[in-house]
Amino acid sequence: MKGKRLIRINYMQFNTHIFILFFLPISIISYFIINRLSKNKNHIGNCFLLILSIIFYAYAGVKILFFLIFSIIINYIFILLQKKINYYNRIILSGAIIINVLILLSFKYLNFFILNINTIFNKEIASLDIILPLGISFFTFQQIQYQVETYYRRTQSYSFFEYVLYVFYFPKLIMGPLTDPHYLITQFRDPQKKNINLDNIVQGIQLFVTGLLKKLCLADVFAQGVDWGFTNQSIATSGDLIIVMLAYTFQIYFDFSGYTDMANGISKMLNISLPINFNSPYKAFSIREFWKRWHMSLTHFLTQYIYIPLGGSKKGNTITYINTLVVFVISGIWHGANWTFILWGFLHGMGQILNRIFQKQYEKINPVVQWFLTFSYINILWLLFRSASITEWITMLKNILHLSDMNISQKLINKFIRPETQIIFKTLRISFLNEKIYGFSLLFYIAISFIICLCCENTNSKEHKKSFLSLIFIVLGFVWCLTCLGTESTFVYFNF
Amino acid sequence: MNSKNWLIGFFSLSLFFIAIITGFVVYIDPFFHYHKPIENFYYTLNNQRSQNDGITKHFDYNAIITGTSMTENFMASEVDEIFNVNSIKVPYSGATYKEIDNNLQTAFNTHENIEMVIRSIDSNYFFYNKDEMREDSGTFPDYLYNKNPLDDVYYIFNRDIIYNRCLPIINDYWDGVSGGITSFDNYSYWMHLYTFGNTEVLKETSEFSKPQSEESLTLEEKTAITESIEQNIVSLARENPDTKFYYFFTSYSAAAWGERLRKGTLNKQIDAEQCVIETIIDCENIYLYSFNNFTDITTNLNNYKDAYHYGEWINSYMLTAMKNGEGLLTKENYILYLEQERNFYNNFDYNSLFQQIDEPDRPTKLQF
């Protein structure tokens, strides 16, 4: 998108050296040592959790930390107002929600508005350099959630400190999952959770390593192919673009669900459970089912705080369809400042509506066909989600639908020939397949991904075994991930 | 297995593998961060910012060729032959004076016997702040330069280092490739990548016009230049009086001078050059050269791939000139040199450059 001048900041991601080798182990060990040594475990432990979360957030820069603090103060004023004046005061609640939405809009969408005003009215208003506070979409929704819960008198007993910790809690601060305040604060208050629990540490490590594997060994590999496809659209064949579309479908899933696994794992080590965010979404047989499995905490939030207050499905079919569209368009806007996201949300809403309208007929279709239709629709819409503009999406779609050239470019295949996978092939003595089968590495990644997405049990519902085999798998996975961290610094200088 | 045993197993096995990986990377050490190359392994040199520091710290040498891309085509073997030294070539493409000076400081801190330094002084960088570093085109591998052992994890647990550097080195060893390194003649050498001649040099220029207005050198700029040259170029030479520092102004093509004239900065540039010369000229162990008035070179665009970068034969030519004292600026001749330079580049018919004909056959060596 031209004119976009959002400044993104480097932050302490879960899949970085500093987090894995320093922050995480030091945090977990010192948290339980402090809890063990202190008499008032709850208070000291929670204080320490807050300090850890502040350090985690402030790593990206103190300026954005001040912004989050500012947002918390503003919100807490509204919370106090709600408590002092009247819990069921819609004006105060509306004021709080509007302020939060305005803050979000001004940071994330202001340049998008300027761009559209420039396009529509042929103006030349300059874009602004805006530093986008980390996790603003997530913590804004968390603040709104807390305001609504306060409105319903469900946060009466929670202190300011607990509220701050709820917003700041580092495992879910940047990318969720969106968590109900009651669900989290109850756990912060539980003194039993301040004692080290080896079962939880094991489970946490298993979840964290699984997430790390998804991110580093799958999402990042698919990302290479996707980047190649989007950079070389003009030379990409129909076959290439189908692979690129599929690769992005896997990239976004392994990226986000990998992150969520890591967040759940970290939190589990601290004895705090986070809500399930993914439940094997690509196993869905319909768009409706997909949204019950994908980013579940967001779906829950939107249902609870937008769909139901609008009347949900209780005011007749037309209102239900309108409400569904409203929710999905808002979801699209929340995902990013571009018309592509809005259309993506709208089309998912339409998918839901069509599912509802033709439910009976749809259920009669063979489940394999149902799955294929759902998966294809999701794929096509992920392509839109990744595209820089709607025009780019349409151009790529046209190229795909022409099916003019189904060859796969060697340059795309090369993106999947990774030295680390070649070692696996050598170990398994299947290296010769690289030469025998065209695009074997690419097929390998796609096959593995389909197996994980469709045949494996979901990470959250899986029983975390403490067997020797699980130990070996997790150790090898962890060490493997360590070797896949980081890249060599390269400099691109032109003319000097 | 209970949780306690599982965790003991996890941490002990993980630490065991971490130790193996650490040992493996430290032993092979493709960026020479810990030691010089292992004799039996072949090391490819192709990443200046990551490898130059290690080369500078751990290799055996008594002469250094350094500077920007304008020094990348120097043949270290030719330098060794002409000056009877054992040289390393550690160029930093696009580097500021500060970055090059940092590397030279490292060299003098780790080696006591450096006899000679050949270094470019790019006139395009006269106006850069004395502490400026290039951070606009990549992430600088600070972990290779600082003394913090903890951030070595970025080097040791690094996908590219393990899979694209260390393992190929081991593979080569198993395949019987002889030990060694990319020669310093070939390191950073780029001649084979480009076409030379006026078609290339002037492809984005339609004409050279006269300036609308002229800029002049301010007192603040003059002070900043003096500070930068003193800090990044002269002070090291003063601290090491036994070393000979061969510095040279990079000879840009007439097309670059024409561009300066068009922008109205030509005379300001020459005033800045005077300021640089006067800051350097008193230092007895600095031999400052300029080939800007060797106009047979600068006005022949067949010597250039763009307005700035000359071919390897110019590098070679400069070495011989330096050996013979040609182009040397002294207290006695620098005023005359500047007058000639100002006179020539203010009056040259730049549009005549468009008439030049490309010569596909590159000279391998200019006659001296």
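User: At what angle do helix 2 and helix 4 of chain B pack, and how far apart are their axes?

Analyst: An axis is a line fitted to C-alpha atoms, for helices over the stretch in contact, and angles run from 0 to 180 degrees between N-to-C directions. Helices (H or I, at least four residues) and strands (E, at least two) are DSSP runs, numbered from the N terminus. Here helix 2 (residues 48-58) of chain B and helix 4 of chain B pack at about 25°, with axes 8 Å apart. Helix 2 and helix 4 of chain B are therefore roughly parallel to each other; angles under 35 degrees count as roughly parallel, over 145 as roughly antiparallel, 65 to 115 as roughly perpendicular and the rest as oblique.

This is a predicted model: local features need pLDDT of at least 70, side-chain atom pairs count only at pLDDT 80 or more, and totals for chains, interfaces and linings use all residues. Residues are numbered from 1 along each chain as its sequence is written, chains are lettered from A and ligands numbered from 1 in the order in which they are written, and side-chain values use heavy atoms, with hydrogens and water left out.

User: Which residues make the contact between helix 2 and helix 4 of chain B?

Analyst: Contact means heavy atoms within 4.5 Å. Helix 2 of chain B brings Arg49(B), Asn52(B), Asp53(B), Thr56(B) and Lys57(B), and helix 4 of chain B brings Glu99(B), Asn103(B), Thr106(B), Ala107(B) and Thr110(B). By class, the residues of this contact divide into one nonpolar, five polar and four charged. Ala, Val, Leu, Ile, Met, Phe, Trp, Tyr, Cys and Pro count as nonpolar, Asp, Glu, Lys and Arg as charged, and the others, Gly among them, as polar.

User: In what order do the strands of the open sheet in chain B lie?

Analyst: Two strands pair if DSSP finds at least two bridges between them. The five strands of this open sheet lie in the order 3-2-4-6-7 (chain B), with parallel pairing. Strand 3 (87-91) and strand 7 (286-290) of chain B are the edge strands, each pairing on one side only. On average, neighbouring strands of the sheet are turned by 15° against each other, direction ignored.

Helix 4 (residues 97-110) of chain B packs on the sheet and touches strand 2 (63-67), strand 3, strand 4 (116-121) and strand 6 of chain B. The direction of helix 4 makes about 175° with that of strand 4 of chain B.

User: How many bridges join strand 2 to strand 3 of chain B?

Analyst: Five bridges join these parallel strands. Thr66(B) stands opposite Val90(B) in strand 3 of chain B. Strand 6 (residues 244-249) and strand 7 of chain B also run parallel and are joined by five bridges; Phe249(B) has Ser290(B) as its bridge partner in strand 7 of chain B.

User: Which way do the residues of strand 3 of chain B point?

Analyst: In a regular strand the side chains alternate between the two faces of the sheet. Ser87(B), Lys89(B) and Pro91(B) point one way from strand 3 of chain B, while Ile88(B) and Val90(B) point the other way. Five of the five residues of strand 3 of chain B are buried, so the strand is largely enclosed by the rest of the structure. Buried means under 20% relative accessible area, exposed over 50%, partly exposed in between (1.4 Å probe, protein chains only).

User: Is Thr182(B) buried or exposed?

Analyst: Thr182(B) is buried, because its relative accessible area is 11%. Thr182(B) lies in the loop between strand 5 (180-181) and helix 8 (198-201) of chain B.
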